[in-house]
Structures are given as structure tokens and as C-alpha cells.
Amino acid sequence: MTDPRSEQIETGLGRAAEALGDVTQPVMDLFYARYPGARASFVHHSPHNPASLEAEMVGNTLYYVMRWFENPVEARIYFDTSVPQHRVALGVPPDWYRGFIEAFLDVVEPAAAPATESEKAAWAAVRDGLVGLVERNRHI
């Protein structure tokens, strides 16, 4: 059975898509405003097409936002490998990883227009869950 919070998130994501269209650029603009040094990292890791890497990261974040309530174990497995790998092999600090999730949610959530306490709680749970996975892997 589908978790009703998943339906709330998906409905909100639909509203956000109608209001914003492709969120890649607004997410990246906010992320880079908060973490200016991260832009060079995207260029370094994708020198011929950093926009492709940016879109991939936005897409990955969207995926885990959409799937959080249905399969948090999948997200945990991904973050348990991805956060340490980004830190150790790619030199991407956990603050950037966390900041990316927060930038995504800070762009999308207002456009998703959660109106009820239940909807607001669902968005808060997604944020807490995904950010919590970064934090649990900060020093691994």
C-alpha cells in the first residue's frame, strides 16, 4: 500500500513542476550562491559538460525525494556509499552534499505549496530523512 505521504509529496512535486518547469537552474543558482567553491568542483568532475552533471545531481535528488517514504532503505544504501565516496574520492565535503539537498528542497518545496499540517510534515520528514543520511555518513 502506498504511504499517503508519498502521494502528498508527488502531488506537491506536480504543482512545483507546473510552477517552475525544469528546476535544475534555480537549484544550481541557489546551491552555488551558498557554496561558491562548488562550481569549480562540478567543472573539474565534468569538464566538457558540467551542466550534464548538474542535471544528474538534481535528478538524483528528485528521485530520492519521490521515493523516500516508499523505500528509505534504498536511499540509505545509496547515501551510505555515495556520501563517503564523494568525500574521499572526489573531494566533495558533506556540507556540499547536504547543501545540495537543502537547495533542491528550498527551491521546490515553496512551489509545491504544502498547505495542510500533514503536507508540511511530509516535506519536513523528507528533508530530515535525507539530510540525516548525509549526517550519519559525515565521518565514515
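Predicted model: local features only at pLDDT ≥ 70, side-chain atom pairs only at ≥ 80, totals over all residues.

Colleague: Which element gives the largest share of the largest nonpolar core?

Modeller: The largest nonpolar core has 39 residues, and Phe31, Val65 and Phe79 are those with the most contacts inside it. The elements that give two or more residues to this core include helix H1 (4-20), helix H4 (50-67) and helix H6 (94-112). The largest share, 11 residues, comes from H6.

Colleague: Which residues does Phe31 touch, not counting residues up to four places away in sequence?

Modeller: Phe31 is among the residues with the most contacts inside the largest nonpolar core. With residues up to four places away in sequence left out, Phe31 touches Ala38, Phe42, Trp96, Gly99, Phe100 and Ala103.

Colleague: How do the residues of the lining of the largest pocket divide into nonpolar, polar and charged?

Modeller: The largest pocket has a volume of about 250 Å³, and 16 residues line it, with Phe42, Leu53, Met57, His86 and Val92 nearest its centre. H3, H4, H5 and H6 each give two or more residues to this lining. The division is 11 nonpolar, 4 polar and 1 charged.

Colleague: Which helix supplies the largest share of the lining of the largest cavity?

Modeller: The largest cavity holds about 90 Å³ of space, and its lining includes Met57, Tyr64, Phe79 and Phe100. The lining residues divide into 7 nonpolar, 2 polar and no charged. At least two residues come from each of H4, H5 and H6. The largest share, 4 residues, comes from H4.

Colleague: Which parts of the chain does the salt bridge between Arg136 and Asp80 tie together?

Modeller: In this salt bridge the closest N and O atoms of Arg136 and Asp80 are 2.8 Å apart. Arg136 is partly exposed at 47% relative accessibility, and Asp80 is partly exposed at 24%. Asp80 also meets Arg76 in a salt bridge (3.9 Å, N to O), and that pair lies within helix H5, 4 residues apart. Arg136 and Asp80 are 56 residues apart in sequence, so their pair ties together helix H7 and helix H5.

Colleague: Is Arg138, which meets Asp95 in a salt bridge, buried or exposed?

Modeller: The side chains of Asp95 and Arg138 meet at 2.8 Å, N to O, and the pair links helix H6 to the segment after H7. Asp95 is partly exposed, at 38% relative accessibility. Buried means under 20% relative accessible area. Arg138 has a relative accessible area of 18% and is therefore buried.

Methods:
Residues numbered from 1 in each chain as written. Heavy atoms only, no water. Core = buried A, V, L, I, M, F, W, Y, C linked by side-chain atoms within 4.5 Å. Buried < 20%, exposed > 50% of the residue type's maximum accessible area, 1.4 Å probe, protein only. Contact = heavy atoms within 4.5 Å. 1 Å grid on protein atoms, 1.4 Å probe; cavity = no way out; pocket = protein on both sides within 12 Å on 5 of 7 lines; lining within 4 Å. Points joined across faces, edges and corners; volume = space filled by probe spheres on them. Nonpolar A, V, L, I, M, F, W, Y, C, P; charged D, E, K, R; others polar. Salt bridge = Lys/Arg side-chain N within 4 Å of Asp/Glu carboxyl O.
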